[in-house]
Amino acid sequence: MKLVDQAAISRSVAIDMDAAAVIESAMRALGKGEVIQPDILSMSFPQYHGEVDIKTAYIHGAHNFAVKISTGFFNNHTYGLPSLSGMMIVFDAETGRAEAILADNGYLTAVRTALSGLIAAKYLARADSTRVAVIGSGEQARLQVRALKLLFPLEQVNVWSRNDDHAVEYAQEMQDVAPQVRAYERIEDACRDADIIVTTTPAIEPVLLAEHVSRGSHITAIGSDNEFKREISGELLTMVDIFCCDLQSQSESHGELKYFKNRHQETPWPVYEIGKIIAGEIACQRKPTDISLCCLSGTGVLDSAIAEYALSRL
């Protein structure tokens with residue numbers, strides 16, 4: 001059995017179009033019902049602002065599947081440590097034998113999350129989108145934008161963070177992604193006239209409100225991935241024209257759909273799953289003035305797909 005460290009994995013897997021194709025294919029397989037995927041096993045550590053998730057899935061016909069253990073402890077910055085960590089164990093799908101431990105410290109999760117945001121924008125955002133607003137200033141705030149740059153001719157990137165210094169650091173570091181990269185002290189200023197808004201926070205109370213969003217915007221929300229987190233206000237959820245998610249049942253328990261589920265309310269719009277849109281099983285037509293929102297709470301199929309891809313390149 002191989003034991004592979006993060007350095008070797010990061011040399012083999014990058015945020016590029018090859019990896020994006022793997023993620024898009026996995027999302028399509030989920031939409032076509034070609035995946036065995038159990039519910040997420042989660043455990044929270046509220047006293048440490050932490051969580052651990054275990055995810056897995058098998059894509060029909062694949063040689064391998066993976067079981068991923070991922071942690072997010074969001075007070076780690078006070079110790080000089082990254083918030084995210086974890087590993088993936090890759091198994092042979094025919095024999096069940098463990099083939100490799102990918103000790104990636106969350107690197108592959110970060111890559112597949114960024115690329116899933118790109119794929120969501122590919123199918124839901126306007127093709128001429130050039131202005132991006134990022135809510136949050138951590139790892140995903142950086143990687144989501146670098147992924148978007150693969151398909152969209154970015155001209156302006158705005159960032160807002162609850163920590164003004166972190167937003168300024170972000171803007172200084174990300175100058176290479178667009179001609180204009182700027183930090184804002186007010187979220188409404190950062191989001192004004194944005195074509196794409198990406199929320200990347202571990203918030204438990206909504207940070208993005210209806211008044212922050214312009215007509216025609218697409219929102220990718222990746223922060224709500226457990227029963228406690230929420231980034232999008234109820235008013236904004238009700239206002240959107242197109243709502244999409246990676247998996248409806250998971251969004252109802254972990255993602256933004258729990259706003260309605262917990263209130264025993266019907267959604268004011270049909271719920272689309274991004275994999276079914278990619279597979280062509282659902283037609284999702286957006287008008288230029290529509291507001292679209294894609295809630296990505298993270299599915300095990302993406303972990304198995306990126307793990308098998310990584311193993312093939314090592």
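User: How much space lies in the largest cavity?
Analyst: This is a predicted model. A search of the whole structure finds 1 cavity of 30 Å³ or more. The space in the largest cavity is about 60 Å³.

User: Which helices each supply at least two residues of the lining of the largest cavity?
Analyst: The lining includes Met27, Leu30 and Gly31, along with Ile274, Gly275 and Lys276. By class, this lining has 4 nonpolar, 3 polar and 3 charged residues. The helices that each supply at least two of its residues are helix 2 (17-31) and helix 10 (274-278).

User: What are the domains of the chain, and how many residues does the contact take from each?
Analyst: The domain assignment gives domain 1 (1-106 + 299-310) and domain 2 (115-298). Their C-alpha centres lie 22 Å apart. The contact takes 25 residues from domain 1 and 29 residues from domain 2.

User: From which domains does the lining of the largest cavity draw at least three residues?
Analyst: Among the lining residues are Met27, Leu30 and Gly31, and also Asp246, Glu273 and Ile274. Domain 1 covers 1-106 + 299-310, and domain 2 covers 115-298. At least three residues of the lining come from each of domain 1 and domain 2.

User: Where does the second largest pocket lie, and why?
Analyst: The lining of the second largest pocket includes Ser44, Phe45 and Pro46, as well as Asn226, Phe228 and Lys229. Both domain 1 (1-106 + 299-310) and domain 2 (115-298) give residues to this lining, so the pocket lies between domain 1 and domain 2.

User: Which elements give two or more residues to the lining of the second largest pocket, and how much space lies in this pocket?
Analyst: Strand 3 (41-45) and strand 4 (50-59) are the elements that give two or more residues. The lining residues divide into 6 nonpolar, 4 polar and 2 charged. The space in the second largest pocket is about 170 Å³.

User: At roughly what angle do the axes of helix 3 and helix 11 cross?
Analyst: Helix 3 spans residues 107-124 and helix 11 spans residues 300-313. Their crossing is right-handed. The axes come within 10 Å and cross at roughly 115°.

User: Which residues in helix 11 meet helix 3?
Analyst: The residues of this contact divide into 5 nonpolar, 2 polar and 2 charged. From helix 3 come Leu108, Thr109, Val111, Arg112 and Ser116. In helix 11, the residues that meet them are Leu302, Asp303, Ile306 and Ala310.

Notes
Residues are numbered from 1 along each chain as its sequence is written. This is a predicted model: local features need pLDDT of at least 70, side-chain atom pairs count only at pLDDT 80 or more; totals for chains, interfaces and linings use all residues. Side-chain values use heavy atoms; hydrogens and water are left out. On a 1 Å grid over the protein atoms alone, a cavity is a set of points where a 1.4 Å probe fits but cannot get out, and a pocket is an open set with protein on both sides within 12 Å along at least five of seven lines; lining residues have an atom within 4 Å of a point. Grid points are joined across faces, edges and corners, and a volume is the space filled by probe spheres set on the points. Helices (H or I, at least four residues) and strands (E, at least two) are DSSP runs, numbered from the N terminus. Ala, Val, Leu, Ile, Met, Phe, Trp, Tyr, Cys and Pro count as nonpolar, Asp, Glu, Lys and Arg as charged, and the others, Gly among them, as polar. Domain bounds come from an automatic or database domain assignment. Axes are lines fitted to C-alpha atoms, for helices over the stretch in contact, and angles run from 0 to 180 degrees between N-to-C directions. A crossing is left-handed if the near helix is turned anticlockwise from the far one by less than a right angle, and right-handed if clockwise. Contact means heavy atoms within 4.5 Å.
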